[in-house]
Amino acid sequence: MNFEDCLYSRFSSYNAKLTYVELVCTRNAMDEIIQRFGINVKTSPLEDGAFSIKVKVPVGDEFFGWLFVNADKIKLTAPKDTVAEYEDKLRTAVGNFVKK
């Protein structure tokens with residue numbers, strides 16, 4: 001199994017589109033990033049020990065769920081259409097719990 005197949009299996013989604021995404025991460029996210037994307041993931045340093053990565057992932061509910069669980073340390077920043085899709089899912093989730 002090659003790395004992309006392994007990554008796809010970690011975020012397996014039916015009909016998920018493989019997309020390059022950019023993530024901005026706090027320094028506390030490195031273990032999670034390595035666990036998810038491997039030791040050879042390339043990072044770009046940012047201020048305060050933060051870093052960014054650009055990785056190819058199958059964009060779908062499993063990926064968005066992983067982002068949500070790690071929302072305190074990992075932020076999706078690109079591409080814009082994927083960020084918008086994630087924001088829509090978050091709004092829908094919040095709307096399910098807001099009393100009307």
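Which residues does Thr82 touch, not counting residues up to four places away in sequence?

Modeller: Keep in mind that this is a predicted model. Leaving out residues up to four places away in sequence, Thr82 touches Thr19, Val21, Val59, Phe64 and Leu76. Thr82 sits in helix H4. Its relative accessibility is 4%, so Thr82 counts as buried; the cut-off for buried is under 20%.

H4 runs over 80-95. Its 16 residues, at 1.5 Å a residue, should span 22 Å. The end C-alpha atoms of H4 are 22 Å apart, which agrees.

The buried residues of H4 are Thr82, Val83 and Tyr86. They cover an arc of only 100 degrees around the axis, so they lie on the same side of H4. Lys80, Asp81 and Arg91 are exposed on the other side of H4. The buried residues of H4 pack against S1, S3, H3 and S4.

Take H3 next. A general point comes first. Two packed helices are described by the angle between their axes and the distance between those axes. For H3 and H4, the angle is about 75 degrees and the axes are 11 Å apart. That makes H3 roughly perpendicular to H4, because angles of 65 to 115 degrees count as such. On the H3 side, the contact is made by Asp61, Phe64, Leu67 and Phe68. On the H4 side, Thr82, Glu85, Tyr86, Lys89 and Leu90 make it.

Not counting residues up to four places away in sequence, Leu67 touches Leu23, Ile74, Leu76 and Tyr86. Leu67 is also among the residues with the most contacts inside the largest nonpolar core, along with Leu23, Ile33 and Phe37. That core has 20 residues. Strands S1 (17-25), S3 (51-59) and S4 (74-78) each supply at least two residues of this core. So do helices H2 (30-37), H3 (61-69) and H4. S3 gives the most to this core, with five residues.

S3 deserves a stop. Val57 belongs to strand S3. With 0% relative accessibility, Val57 counts as buried. Val57 and Val21 are 36 residues apart along the chain, yet their C-alpha atoms are separated by 7.1 Å. Val21 is also one of the residues that Thr82 touches.

Ala16 and Gly60 are 44 residues apart along the chain. Their C-alpha atoms are separated by 5.4 Å. Ala16 is found in the loop between helix H1 (3-10) and S1. Its relative accessible area is 16%, so Ala16 is buried.

Two loops have backbone features to check. Pro79 is in the loop between S4 and H4. A cis peptide bond joins Ala78 and Pro79, with omega about 0 degrees. Asp48 lies in the loop between strand S2 (43-45) and S3. Asp48 has a positive phi of about 55 degrees although it is not a glycine. Asp48 is exposed, with a relative accessible area of 66%.

Back to the starting point. Thr82 is one of the buried residues of H4. Thr82 also takes part in the contact between H3 and H4.

Methods
Residues numbered from 1 in each chain as written. Predicted model: local features only at pLDDT ≥ 70, side-chain atom pairs only at ≥ 80, totals over all residues. Heavy atoms only, no water. Core = buried A, V, L, I, M, F, W, Y, C linked by side-chain atoms within 4.5 Å. Buried < 20%, exposed > 50% of the residue type's maximum accessible area, 1.4 Å probe, protein only. Helix = DSSP H or I, 4+ residues; strand = E, 2+ residues; numbered from the N terminus. Contact = heavy atoms within 4.5 Å. Expected span 1.5 Å × (residues − 1). Arc of directions from axis to C-beta. Axes fitted to C-alpha atoms, helices over the stretch in contact; angles between N-to-C directions. Parallel < 35°, antiparallel > 145°, perpendicular 65-115°, else oblique.
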